[in-house]
Amino acid sequence: MKIYNTLTKTKQEFEPVEPGKVKMYVCGPTVYNLIHIGNARPMIVFDTVRRYFEYKGYDVNYVSNFTDVDDKIINKAAEEGVDASVISERYIEECKKDMAGMNVREATTHPKATEEIGGMIDMISTLIEKGYAYVAEDGTVYFRVKSFRPYGKLSHKDLDNMQSGFRALQVSGEEQKEDPLDFVLWKPKKEGEPYWDSPWCQGRPGWHIECSVMAKRYLGDEIDIHAGGEDLIFPHHENEIAQSEAANGVTFSKYWMHNAFLNIEKDGVVEKMSKSKGNFFTVRDISEKFDLQVLRFFMLSAHYRSPLNFSADLMAAAKNGLERILTAAAHLKDVAENGADGEMTAQEQELLAGTDEFVKKFEEAMDDDMNTADAIAAVFELVRYANTNVTAESTKAFAAGIREIFTKLTDVLGIVTEKQEENLDAEIEALIAERQEARKNKNYARADEIRDQLAAQGIILEDTREGVKWKRS
Ligand code: AMP
Ligand code: ZN
C-alpha cells in the first residue's frame, strides 16, 4: 500500500513502526462553534483511511484531539458570560453528533487539551533542560527554533529565507524572543482566562505543544501517521515535529498525510471554506437538507489531496450516486431473504467468483494513496454487475454472497446501507403522520402535496381500515 508523505513529497510504501499496527493521530477541531463542512473533510477522509487499514487487517489506534483551550473559546465564553469549559463541552457534544451523522467512528481516544496539562509541563521542562526552549522574563516559554536543525523539513521551507520574512513581520510584544522564528510553548494568563500553575508562571499552553503531548501519551514517541488539513503543515505540524523530536530524540511520525481544502465559490471567487471568511455551511446546515451520508459520499468522490469545490450540483450528484448504491443494497438484501432456496447453481458460483475483479480494482485504488474516487467507481461497477446478475430467481445464497462482498467495500467507505434504510423508513412514516394530521385539519392541499412527494420517491399509500399502509413500488 502506498501513501503520499508530505515529508518526502512522494508516494511511499506503507511500512508500520510495529508489524500489524497503525498508530495514527489526526488533529481535531477547536471547539467554539458548530463544525463547518471544511472541518468535516479531514474527519471523513481519515476515518476512511482508518477503515481501510482495518480492512487490510491492521490493528489501528486512532487518536484525535479536541482543542478545548484557545482564544476563540475564551472570547465566546466571555460573550456568553460563562466558563470556557461550558463552551467547549457544549461543542464537543455537538461535534460528536455531527460525526455520528457522517458515520465517522469515535476515535480510540479523543483526548482534550485541558486534561493533558501535566504532560505538557513535563515536555516543556524537558525541552528547557535540553536547551531547546527558554523562559522569558514574564514567564513565557519559547521554543528555540534555530536549535532544532531539521526545522522546515515538513513544509520544505528554508530557515534562512524564513528568517528574513519573519523579521519583517515581527509584531510588538515579541521583543523578548531571542529570534522572531521562536514560538510559544507556554504563556502567562490574562485577566479572566483559564490558567494552570507551572514552574514558569500561571498560564496556559501554546497550541502546538498540545498535539505533541497527546500523541506521545496515547500512541508513544514514534507513530505511523500524523494527519490533518493542509493548512496545518506550517506552522502547526512543523512545530510539532520540532517539539517532539527535540524532546523524545526519535522520529515523531513516519508518514504525514494532508487533505486539500474544501472550497466554495462566492461572487465568482473560489475560496477555502473557513469560519473567518464567513463563507461556510455547518454540518448541521447540511443535515437539514440531506442525510449526512450524502455529505460523506460527496467528500469521498474526490481524491483527498485534490481541492474540492462545494456546490449544490455536486451534492445532488452525490445524492443520486449514493441512492444507486443503497438501492442495489436493498435489492441484494431482498433476494438474500426472499430468493430461491437451495445451493448456488454452477453459473452463480462462477458469477460470484467474477466479483474478484471489482474487489481488486477497489483495493488497487485504495492502495494507491487512498484513491476513494476510483474506489467508488469500482463499487459502481459492482452495482451494475449485481443489478444485472442478481434477479428474483437467484438463490438466497448467491445474493447473500454478493451482498457480503458489497458490504465489505461500502463499509470501508463508511456507507451504512442498513441504517440508511431505517432512516428512510422513519422519514416516510413521519411524512405519513404529517399527512394524516393535515387531513384532520382539512388542509387537503398539504395532504396531496405529501402524497405526491411520496409517490415521487416510489412510495405507494393505501388507506385501510387499520390506518394508512405503505409500500415501495
Ligand atoms: P480548525 O478547527 O480550524 O483547527 O480545523 C480543524 C481541521 O479542519 C484541521 O485539520 C483543518 O486543517 C481542517 N480544515 C479547516 N478548514 C478546512 C477546509 N476548508 N477544507 C479542508 N480542511 C479544513
Ligand atoms: Zn495538532
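Helices (H or I, at least four residues) and strands (E, at least two) are DSSP runs, numbered from the N terminus. All of this comes from a predicted model, in which local features need pLDDT of at least 70 and side-chain atom pairs count only at pLDDT 80 or more, while totals for chains, interfaces and linings use all residues. As for bookkeeping, residues are numbered from 1 along each chain as its sequence is written, chains are lettered from A and ligands numbered from 1 in the order in which they are written, and side-chain values use heavy atoms, with hydrogens and water left out.

Both Cys211 and His236 are buried, where buried means under 20% relative accessible area, exposed over 50%, and partly exposed in between (1.4 Å probe, protein chains only). Helix α7 also holds Pro235, and the peptide bond that joins Phe234 to Pro235 is cis, with omega about 0°. Phe234 turns up again among the contacts of Ser155 (heavy atoms within 4.5 Å): with neighbours within four places in sequence set aside, Ser155 touches Ile233, Phe234 and Glu238. Ser155 itself comes from the loop between β6 (141-143) and α5 (159-169), and its relative accessibility of 16% makes it buried. Its side chain makes a polar contact of 2.5 Å with that of Glu238. Such a contact is a pair of N or O atoms within 3.5 Å; within protein, one must be able to donate a hydrogen and the other to accept it, and residues adjacent in sequence count only if both atoms are side-chain atoms.

Two loop residues have backbone angles worth a look. Asn103 is not a glycine, yet its phi is positive, about 60°. Asn103 lies between α3 (84-101) and α4 (117-129) and is buried, at 8% relative accessible area. Lys442, also a residue other than glycine, has a positive phi near 60°. Lys442 is in the loop between α15 (417-440) and α16 (444-456) and is exposed, with a relative accessible area of 62%.

Next come two helices. The expected span of a helix is 1.5 Å times one less than its number of residues. Helix α10 (residues 312-338), with 27 residues, reaches 38 Å from its first C-alpha to its last, close to the expected 39 Å. Its buried residues include Met315, Gly321, Leu326 and Val335. Phe358, Val359, Phe362, Ala365, Met366 and Asp367 of α12 are buried, and their cover includes β1 (2-5), α1 (37-55), α13 (372-389) and α14 (396-413). After α12 comes Asp369, with a positive phi near 55°.

On the scale of the chain, the domain assignment gives domain 1 (2-259), domain 2 (264-415) and domain 3 (419-472), with bounds that come from an automatic or database domain assignment. The C-alpha centres of domain 1 and domain 3 are 49 Å apart.
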